[in-house]
Amino acid sequence: MKTVTLNTLRAFKRSGETFSCLTAYDASFAQVASQAGIEVLLVGDSLGMVLQGHSSTLPVTLDDMCYHTRAAAAGKGTSLLMADLPFMSNATVERTLNDAAALMRAGAEMIKVEGEAWMADGVRELTRRGVPVCAHLGLTPQTVYQLGGYKVQGRDAAHAEQIIADAQALVEAGASIILLECVPASLGRAVTEALDVPVIGIGAGPNTNGQILVMHDVLGVSPGRAPRFVKNYMAETASVQDAFARYHSDVKQRAFPASEHCF
Ligand code: KIV
Ligand code: NA
């Protein structure tokens, strides 16, 4: 696979080709995912749940994120490596810049931030300094205690409009990618059609430009009950390599997500 860059993802958006993304937290799994053709690897702060065993992503520190970003960067191959800013990295713009710098030095090629339109200043300052930003909207796990649980977002028309407006404001501020988590498929489509930048979805229906899943969900080893939008690819194979290849191929052919994975 040719090295995946932001331009690759923009070209996919223009041509209508979908792309696959998967979380990765270490060199070995990053390498297997990259070799399976998965275009984008995310060092997600979901590592607080799937690696550390917490019930939320809030305990994850910047040091944790840098450690796993360095590890994943060593195996990322030709895939694009994105890393999450952890909880409260968005407390001030200065902190956002410093924390993003640490992740970029650790090997990230793009930074993902949770936050609505108010995050525009941070997004603008990062973008000005040449740090590509993915803005995460919809179900933002760092705000789970305010949301009252891991619930579908944007179900009513007013909230859906708000999410579209937030996405537009963040793109205006410079966000190169929008990631939408756990929203009705109709809203996933509306945001994707409203924006010129690639939109990655998780539980956001089949019409986003890219799809992402947590690696442990693809391998069927996540603790607790699996959310509706995940698919355990180990149910159909005995090989991790093959599970990742099947996930990638399903995304490219728009066979995943199927209607049973959508809201
Ligand atoms: O932390 C993570 O893994 C994420 C994805 C679920 C998008 O943010
Ligand atoms: Na995350």
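Which residues are around ligand 1? They are Thr23, Leu42, Gly44, Asp45, Ser46, Asp84, Leu179, Glu181, Ile202, Ile212 and Val214. A residue is near a molecule if its C-beta atom, placed from the backbone, lies within 6 Å of it. The shell divides into five nonpolar, three polar and three charged residues. Here Ala, Val, Leu, Ile, Met, Phe, Trp, Tyr, Cys and Pro count as nonpolar, Asp, Glu, Lys and Arg as charged, and the others, Gly among them, as polar.

**Model and conventions**

This is a predicted model, in which local features need pLDDT of at least 70, side-chain atom pairs count only at pLDDT 80 or more, and totals for chains, interfaces and linings use all residues. Residues are numbered from 1 along each chain as its sequence is written, while chains are lettered from A and ligands numbered from 1 in the order in which they are written. The chain averages a pLDDT of 97, and 100% of the residues score at least 70. pLDDT is the predictor's confidence in each residue, from 0 to 100. The model scores ipTM 0.99 and pTM 0.98.

**Annotated sites**

UniProt, in an unreviewed entry, gives a "binding site" covering Asp45, Asp84 and Glu114. These residues are spread over 70 residues of sequence but cluster in space, with a largest C-alpha distance of 10.9 Å. The unreviewed UniProt entry also lists Asp45, Ser46, Asp84 and Lys112 under "binding site". That set spans 68 residues of sequence and also clusters, the largest C-alpha distance being 12.5 Å. UniProt positions follow the numbering used here, feature names are shortened, and annotations may be inferred rather than shown by experiment.

Asp45 sits in the loop between β2 (40-43) and α3 (47-50). Helices (H or I, at least four residues) and strands (E, at least two) are DSSP runs, numbered from the N terminus. Ser46 is found in the loop between β2 and α3. Glu114 lies in strand β4 (residues 110-114).

Contacts mean C-beta atoms, placed from the backbone, within 7 Å. Not counting residues up to four places away in sequence, Asp45 touches Thr57, Val60, Met65, Asp84 and Pro86. With the same exclusion, Ser46 touches Thr23, Thr57 and Val214, and Glu114 touches His136, Thr140 and Gln142.

A residue is buried if 20 or more other C-beta atoms lie within 10 Å of its own, exposed if 12 or fewer, and partly exposed in between; C-beta atoms are placed from the backbone. The table gives the counts.

| Residue | Other C-beta atoms within 10 Å | State |
|---|---|---|
| Asp45 | 27 | buried |
| Glu114 | 24 | buried |
| Cys182 | 23 | buried |
| Ser46 | 22 | buried |
| Met88 | 13 | partly exposed |

**Backbone exceptions**

Most residues other than glycine have a negative phi, and most peptide bonds are trans. Met88 has a positive phi, near 75°. Met88 is in the loop between β3 (80-84) and α5 (93-105). Cys182 also has a positive phi, about 55°. Cys182 occupies the loop between β6 (177-181) and α9 (185-194). A cis peptide bond joins Phe256 and Pro257, with omega about 0°. Pro257 falls in the segment after α11 (240-252).

**Nonpolar core**

A nonpolar core is a set of buried Ala, Val, Leu, Ile, Met, Phe, Trp, Tyr and Cys residues joined through C-beta atoms within 7 Å. The largest has 77 residues, and Leu22, Ile111, Ala175 and Ile178 touch the most other members. Leaving aside neighbours within four places in sequence, Leu22 contacts Ala33, Ile38, Leu41, Ile212, Leu213, Met215, Val218 and Phe244. Ile212 is also one of the residues around ligand 1.

How values were computed. Two residues are in contact if their C-beta atoms, placed from the backbone, lie within 7 Å.
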